[in-house]
Amino acid sequence: MHHTHLTTTATTTAALLTLTLATPATAHPTPRPDYPGHTTSHYAPLPQTNDQAHTNGCSQAQADTNGLTIVFFGTQEDDDTLRQPGTSPDTTTERTPTTDALDYAHHWAQGFTECATADTTTHLALGVNNKDDGGPTGTHAGTTWANTIHTAQQRSTTPNVTITGAIDAEPAWSTPTWAHDWLDAYTSTTTAPLYAANSADGCPTDGDGPCNNNWTLQDVHTAAGATHDNVHLIPQIYRTDGTQAHQWANIHTHGQHGHLDFAGAMSQHTACDQRTCDGTDNTPEQAWTQLKDALGTDELGPATDIRWP
């Protein structure tokens with residue numbers, strides 16, 4: 001852009017107008033970072049066969065995008081069992097032992113390794129949600145899942161796959177205390193990284209204010225790992241209007257209890273193709289771009305798009 005500076009000097013006969021033009025600078029626009037692609041995460045209602053787990057791992061390897069893959073197993077219940085994703089306490093669907101998640105992870109990793117090239121790698125994050133209607137306390141549930149991740153790591157036999165943990169924490173699903181207790185228990189039991197694929201339901205897009213289910217903006221900030229160095233946030237950026245990206249940017253700005261480490265963005269485009277959605281079917285690239293622009297950062301890892309099995 002040319003910048004014009006106006007200088008006026010009075011004379012005895014008239015006003016003399018002198019225009020000084022700044023030397024135009026050569027424009028060097030900041031390059032936009034390239035979209036790094038996406039992995040495919042998925043819900044895994046148990047029990048599933050070893051062949052299904054193997055196939056899903058192989059499919060991810062063949063996509064040839066290094067990054068994070070999350071597998072969500074549902075809700076933790078009493079007696080260390082798991083309830084299938086998307087179900088309520090009164091469902092009659094089968095509950096499965098937490099150890100079934102270990103078997104799934106083992107065969108998924110085998111499938112990934114067999115179909116991967118030498119330099120294709122992933123972080124396989126085994127995840128649950130924060131629904132507190134399953135019975136255990138947040139402390140018990142977080143400790144149990146940390147021990148599950150530790151066991152999965154011990155069973156891992158491939159350098160292509162790094163086993164980590166994940167949580168889908170949403171204000172609608174528990175009290176903030178339950179979610180915070182889960183997080184504190186997990187991080188005090190294991191050093192394995194945790195990926196928080198959280199939502200910010202009802203949170204403001206500007207300034208401080210309440211979120212849904214009596215959560216505060218600070219509650220959401222804390223549940224996203226602000227006080228824990230080994231927690232990485234990959235928030236749900238589903239809405240096509242960009243609201244969720246601006247919610248998280250606002251939480252990042254106004255959070256008072258530490259720093260949020262944004263690892264990428266989660267979309268549900270494939271899940272929406274499988275089931276009906278309304279305005280929440282961002283593609284992975286749309287989700288990633290919305291979050292990057294809202295945060296004003298060039299440092300985001302690959303997106304991940306979730307699907308049903």
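Okay, let's start with Cys58 and Cys115: they form a disulfide, with the sulfur atoms 1.9 Å apart. By disulfide I mean a pair of cysteine sulfur atoms within 2.5 Å. Before I go on, this is a predicted model, so local features need pLDDT of at least 70 and side-chain atom pairs count only at pLDDT 80 or more, while totals for chains, interfaces and linings use all residues. Residues are numbered from 1 along each chain as its sequence is written, and side-chain values use heavy atoms, with hydrogens and water left out.

Back to that pair. The S-S torsion of Cys58 and Cys115 is about -90°, so this disulfide is left-handed. Cys58 sits in helix 1 (residues 50-63) and Cys115 in helix 2 (residues 99-115), so the link ties together parts 57 residues apart in sequence. Helices here are DSSP runs of H or I, at least four residues, numbered from the N terminus.

How about burial? I call a residue buried under 20% relative accessible area, exposed over 50%, and partly exposed in between, using a 1.4 Å probe and protein chains only. Cys58 is buried at 13%, and Cys115 is partly exposed at 25%.

Next up, Cys203 and Cys211: their sulfurs are 2.0 Å apart in a disulfide. The torsion about that S-S bond is 110°, and the link is right-handed. Both of these cysteines are buried.

Then there's Cys272 with Cys277, S to S 2.0 Å, left-handed at -85°. Cys272 is buried at 10%, whereas Cys277 is partly exposed at 30%.

Number the bonded cysteines in sequence order and the pairing reads 1-2, 3-4, 5-6.

Definitions and conventions: Helix = DSSP H or I, 4+ residues; strand = E, 2+ residues; numbered from the N terminus.
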